[in-house]
Structure formats: structure tokens, C-alpha cells
Amino acid sequence: MPLTRPDVLVLAGGGTLGEAWMRGLLDGAGTAAGIDFRECEYFVGTSAGSIVAAFLAAGRAPDSGAEARAARDWAAAAEEERRRFPMLGRITAAAAAPLAPIALASATPGGAVARAVALRAAPRTQRAMPGLGRLIDAEGSRFDGRLRVVAVDRRSGRRVVFGAPDAPAARVGEAVLASCSVPWIFAPVEIGGREYVDGGVWSPTNLDVTPARRGTDVLCLNPTASLPATRSVFGALRAFSRSAALAETLALRARGASVRTIAPDALAAEAMGVNLMARGPVAAVLAAGYAQGKALAG
């Protein structure tokens with residue numbers, strides 16, 4: 001099915017390489033089919049996807065180098081923390097959802113409590129990424145009703161969708177910073193007196209927070225759905241990513257929305273590998289995403 005501009009674009013977590021793949025795919029599809037993804041009615045971003053979403057909402061085309069710079073800075077900070085604490089290597093290799101087993105808990109009050117307990121028990125680092133927040137704000141992105149950025153309240157374990165009508169007040173830059181603050185690797189981000197961490201702790205896609213109604217066309221880009229199907233943390237993350245997206249897709253379809261999810265194809269998945277925070281393969285992943293986007297455009 002040829003790719004067209006959706007009403008809602010959902011951009012999932014996936015580390016530096018997931019960000020590169022999403023940006024390449026949107027650029028390739030936009031170039032081949034004349035689609036301007038900046039014109040979507042809504043954007044929903046989680047972790048790496050929140051970077052791409054914020055730039056699109058600010059009116060910057062996906063071939064821009066600014067979001068790549070943001071993601072590289074994010075990866076560099078994670079890499080430095082991993083060198084300081086070698087035990088973090090396995091966690092940063094998973095990259096997008098280091099608390100996947102906790103995220104598997106249901107979104108019930110009990111599940112939120114379990115998630116909060118795990119978050120409070122996680123080793124606390126001091127590493128922050130103020131440059132990422134400043135870069136996002138400098139692009140002029142605003143919460144004008146179109147943009148949704150997902151994070152998790154560290155104390156309560158509950159999901160918070162910045163930009164939604166009932167969300168706490170925040171700048172886009174600090175909301176994106178919170179959505180990208182992977183526990184164990186980055187310090188929580190304080191907004192309005194509360195601490196927030198990576199939105200991937202709740203779900204890689206958070207499709208179900210999409211402002212959707214009957215007839216709404218939703219497109220989700222999910223980088224972690226193509227991780228290797230092995231008996232390892234990567235296989236578990238892939239299974240979690242796919243099952244969470246499926247459940248959230250069914251919830252949207254029950255509202256009458258049309259949902260399409262795209263994962264990296266074989267070429268892109270091979271280029272990405274399993275360390276989604278690696279900086280070396282960025283160019284190859286961008287190229288693979290661009291080629292996949294062009295092919296999807298028909």
C-alpha cells in the first residue's frame with residue numbers, strides 16, 4: 001500500500017539509530033511521493049521519536065541535520081556514562097526501554113505502583129542533557145495543540161502526555177528531555193516540581209494516546225519492532241514492542257481509526273544492529289531508511 005500523509009504521525013522510541021531511521025524514512029517517502037509530514041494534524045513522540053516529532057511540529061523538514069545533532073549528543077552522553085560504568089553496556093545496547101519488564105505491567109493503578117517502585121530503586125545518575133532541551137526550544141516548537149510528548153512520572157509510575165489538554169505546563173524542550181531520559185543512564189528531569197523519565201518505560205509507541213476519532217488515519221513508525229528475534233534482551237524488547245503496539249492499535253481501531261505501523265525492513269534492521277545508541281552506523285541507517293521510505297511511497 002503506497003504511503004500517504006496521515007492525520008496523526010506516531011514516532012516511537014528507538015535510540016540514536018531509531019531516530020535516524022525514522023528521519024530517513026520520512027525524508028525518502030516525502031521526496032518520492034511529495035508528502036509534507038509537517039502538515040500532519042497531530043504528532044505523538046516517545047523518547048527518540050519525541051525529537052523527530054518536535055522538529056516536525058516546529059516546521060523543520062525531516063532531512064534537517066538539527067535533529068541528527070540532538071540524537072548524536074544524546075548518544076555521546078550515554079556512551080560516556082557507559083564508559084564510566086561498564087555494567088551499563090548491556091542496558092544501553094537495549095537503548096530504548098531498559099525497564100521493559102516493568103513496562104510490561106498493565107496500566108492499572110497496581111501496575112503504576114510496581115513501575116514507580118522499580119524507578120525509585122534504579123541507580124540514580126547525575127548525567128543531564130541540557131543542550132538537547134535548548135536545541136529543541138531554539139527551533140521554536142510549541143505545545144500548540146498538535147504535539148504530544150510522552151514521559152513517565154518517576155514517583156507515581158504513571159504516564160504523562162505533555163501537550164495534551166490536561167497535561168502539566170512545560171516547554172517542549174524540557175518535555176523532550178524528559179521523554180529521552182533513560183533510567184540508569186540519565187537523571188530524571190524535573191518539571192513543575194515532579195521528576196519524569198523516558199516515555200518508553202510505559203510503552204515504546206504509546207499509540208493509544210493518539211487524538212483519534214472515527215476516520216482518523218494514523219501512521220506509526222516503530223524502530224524496535226525489527227530487533228532480532230532471539231532469546232535475549234533484544235528478543236524480549238522486540239516482543240514487547242510488537243505486543244504493546246498491537247494492543248494499542250486495537251484500542252485505536254475500536255474508536256474507528258485506521259492504523260498502519262511500519263518497522264525497519266531487512267536492510268535497515270541489519271544496518272541498525274542491536275546497539276541502538278551507537279553513533280557509527282547513523283549514515284548507513286539514514287540511507288537505509290531513505291530507501292525504505294522511497295519504496296513505501298510506491
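Contact means heavy atoms within 4.5 Å. This is a predicted model: local features need pLDDT of at least 70, side-chain atom pairs count only at pLDDT 80 or more, and totals for chains, interfaces and linings use all residues. Residues are numbered from 1 along each chain as its sequence is written, and side-chain values use heavy atoms, without hydrogens and water.

**Exercise 1.** Find where D208 lies and which residues D208 touches.

*Solution.*
- Step 1: Helices (H or I, at least four residues) and strands (E, at least two) are DSSP runs, numbered from the N terminus.
- Step 2: D208 sits in the loop between β6 (194-198) and β7 (217-221).
- Step 3: Leave out residues up to four places away in sequence; D208 then touches R159, E248, L252 and R255.
- Step 4: A244 is 36 residues from D208 in sequence, and the two are 9.7 Å apart in space, C-alpha to C-alpha.

**Exercise 2.** Classify D208: buried, partly exposed or exposed?

*Solution.*
- Step 1: Buried means under 20% relative accessible area, exposed over 50%, and partly exposed in between (1.4 Å probe, protein chains only).
- Step 2: D208 has a relative accessible area of 25%, so D208 is partly exposed.

**Exercise 3.** Work out why helix α8 (residues 172-179) is largely enclosed.

*Solution.*
- Step 1: The buried residues of α8 are V172, G173, E174, A175, V176, L177, A178 and S179.
- Step 2: Eight of the eight residues are buried, so α8 is largely enclosed by the rest of the structure.

**Exercise 4.** Describe the cover and the partners of β7.

*Solution.*
- Step 1: Four of the five residues of β7 are buried, leaving this strand mostly covered.
- Step 2: Two strands pair if DSSP finds at least two bridges between them.
- Step 3: β1 (residues 8-11) runs parallel to β7, joined by four bridges; V10 stands opposite C220.
- Step 4: β8 (residues 258-262) also runs parallel to β7, with five bridges; V218 has V259 as its bridge partner.
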